[in-house]
Amino acid sequence: MKHFLCYLLFLFLLHTTSYAQEPTLTWGPAINKEPRLLQHMHVVGTTTNQSFYAVYLEEGQATLERYNAHNQRMWATALLPKTPANQPATFYDVVLLHQKLYLLSTFRAKGTTTVFAQEIAPNGNYESNVQAVISTQGNGRLHIAVSDDKSLLLTALAEPDHNTITAKLLNAGLQPRWSQLVTGQSNIQQSLLQNNGTAYLLTIAPAAAQNTFLLHRLAPQDGKPDQLPLAQEQIRPVQAKMASTTAQGLVVTGYYAPASEPAAQAPEPKGTFFYHFDTNPKHKPILAYTPFSPAFLSEYKRYKPETEKFQRLRNLQLRQVLPLASGGVILTGEVAYLDHQGGSRIFHNDDIVVVRLNNDGTPAYTTSANKLQNASHDSNMLSSYLATATGDTLHLLYLDFEYNYTAENSIIMAGPGAVNKEPVLITIPPAGRPQQVTPLHQSQTGRAAGFYLRPASGYRISNKEFIVLGVGREYYRYGRLKLE
C-alpha cells in the first residue's frame with residue numbers, strides 16, 4: 001500500500017493538474033477503405049494552396065492520393081512504376097520538389113541496380129518521360145534525403161557486397177550537380193541534406209567493429225567526402241541520429257554504452273553523446289559524453305521495477321532529435337519491446353525518455369513521460385507518439401492506454417477493456433518540470449467514437465501545425481492539428 005501511494009505521488013509530480021489550452025483538431029471526410037491492410041501510409045508533401053499528397057501500400061501496390069486544403073480527397077491513382085523499356089519496376093516512394101511530384105522506383109538487371117524517376121502531373125496523370133537518376137553494380141539499397149526548402153534531392157545506393165555507397169545530388173528538375181563513390185561502410189542509418197547542398201550519411205559497421213558509427217560529409221560543390229568515426233576508446237555509441245541546427249550546422253547525438261559491452265548484446269545505454277559541427281568543416285566539433293542523471297535513474301527505476309532478465313532502458317529506442325531555438329537539442333526515445341503472451345505477439349511502446357542537451361552537449365534535464373501502449377501487430381495504428389518543440393518547450397502527443405480523464409480532467413484508473421485511447425498532449429517546459437497534461441476531449445477520437453488518431457503518422461507543416469491521420473473500422477481520414 002505504501003508503495004502504491006508513493007507511485008501515485010510520483011505520477012502527480014510528473015503530471016501536474018494545471019492544463020494547457022487544448023489544440024484544435026479538424027477532420028476531413030471519411031475514405032471508405034479498411035485501413036488495417038494499408039501499410040506505410042504517409043504524407044508526401046504540401047502544395048502552395050495547402051493541398052497535400054499522401055501515399056500508401058496495399059499488398060505491395062502503391063496508391064497516391066491528393067487532398068485539398070479542407071482534407072477532402074480530390075483523387076487517387078494506382079502507381080505502376082516502369083522502366084524506359086516498359087518493364088515493371090519496384091516502387092520506392094514519391095517526392096515533391098518545388099511543386100513537382102516524382103515517382104521513384106528501383107530496377108535490378110544484369111548485376112546492376114538503377115533508380116528511375118517519373119513525373120506525375122497535379123491531376124494524377126503520368127508524364128511520358130522516365131529517366132534513370134543513379135545506378136550501381138550489385139544489389140544496391142536506395143536511401144534518399146530532400147532539403148528543407150525542397151530544392152535538392154540526395155540519392156544514395158548502398159552496395160553491401162563491396163562496402164561502398166554511390167551518392168548523387170540532383171536539383172528540383174533532377175539535373176545532377178555531382179556524383180561520388182563513398183567507401184568505408186555501406187549500412188546507412190540516416191541521410192540528411194541541407195539547403196546549401198551539404199549532404200551527410202550516417203553509417204554503422206558490424207557490432208564487433210571498434211568504431212561502430214561513421215559520419216560522412218559530402219561537400220556541396222563536388223560531393224568530396226570526409227569521414228569521422230564516432231567513438232572513444234572506452235565508449236561506444238549504440239544509437240545515433242542527425243539533425244541540422246538553425247544555423248545550418250549539424251548535430252549528431254544519441255546514446256552510448258561501454259565499449260566493453262558488444263552492441264550485438266543490446267547493452268543498456270549509460271548516457272548521451274553529442275557532436276556539434278559548425279558550417280566550417282575545418283573547425284573541430286564540440287564533443288560531449290554525459291552519463292544519465294543518477295537522480296533520474298533512481299526515480300525512474302524505482303517506479304518501473306526491473307528484473308535480471310528485463311531492463312527497461314535496455315529497450316530504449318532513440319526516435320527523434322529536435323533542434324531548439326537556443327541551439328541545443330531534445331532527444332526523445334521510447335521503451336519499445338516485443339512480448340509473447342499465450343502464443344500471441346504483443347508489441348509494447350511504453351515510456352518516453354526525454355533528454356534536453358544544451359548547445360555544448362551538457363544536459364539541461366532528463367525526464368520521462370510515463371505511459372503504457374500495446375498492440376497485437378506492429379502497424380503503429382494506435383501506438384507511438386508525435387513530438388515537436390516550440391521555442392525550448394517540448395510537446396508530446398500520444399494515445400493514453402492506461403488512464404481515462406473526466407470532463408474536468410481528473411484521472412481515472414482504467415482496466416484494459418475500458419481504456420478510451422484518447423489523445424493526450426504532454427507539455428514539458430524548458431526546465432523539464434512541471435509537466436502539463438492536456439487530454440484532447442474535442443478530438444472526436446477515442447473508444448467511444450470508434451476512431452483513433454495515429455500520432456506517429458503526423459506530417460509537420462510547422463512546429464505548431466501538422467497533418468494527421470485517423471483510422472476507424474473500415475475507413476480512415478486525414479485532418480489538421482494546430483497547437484495554441
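Okay, let's start with N71. Is this residue buried or exposed? N71 is buried, with a relative accessible area of 3%, and the cut-off for buried is under 20%. Keep in mind that we're looking at a predicted model here. If you want to find N71 on the screen, go to the loop between strand 5, residues 61-67, and strand 6, residues 73-79. The backbone is worth a look too: N71 isn't a glycine, yet its phi is positive, about 65 degrees.

There's another residue like that to show you. Q444 also isn't a glycine, and its phi is positive as well, near 60 degrees. Q444 sits in the loop that runs between strand 33 and strand 34, the latter being residues 451-462.

P434 belongs to the loop between strand 32, which is 423-428, and strand 33, which is 435-439.

Take strand 2, residues 24-27. Its covered face has L25 and W27, and the uncovered face has T24 and T26. Now, what does strand 2 pair with? Its partner is strand 36, residues 475-482, and the two are antiparallel, with four bridges. For one of the residue pairs, look at T24, whose bridge partner in strand 36 is K482.

Four strands make up an open one, antiparallel, and the order is 19-20-21-22. At the edges you've got strand 19, 235-244, and strand 22, 286-291; each has a single partner strand, so one side of each has no neighbour in the sheet. From one strand to the next, the twist averages 20 degrees. Inside that order, strand 20, residues 250-258, and strand 21, residues 271-277, run antiparallel and are joined by seven bridges.

Last stop, H348. You'll find H348 in strand 25, residues 344-357. This histidine is buried, at a relative accessible area of 12%. And what does H348 touch, leaving out residues up to four places away in sequence? The list is V335, A336, Y337, D339, Q341, Q373 and N374.

That's my tour, thanks everyone.

Key
Residues numbered from 1 in each chain as written. Predicted model: local features only at pLDDT ≥ 70, side-chain atom pairs only at ≥ 80, totals over all residues. Heavy atoms only, no water. Buried < 20%, exposed > 50% of the residue type's maximum accessible area, 1.4 Å probe, protein only. Pairing = 2+ DSSP bridges. Contact = heavy atoms within 4.5 Å. Axes fitted to C-alpha atoms, helices over the stretch in contact; angles between N-to-C directions.
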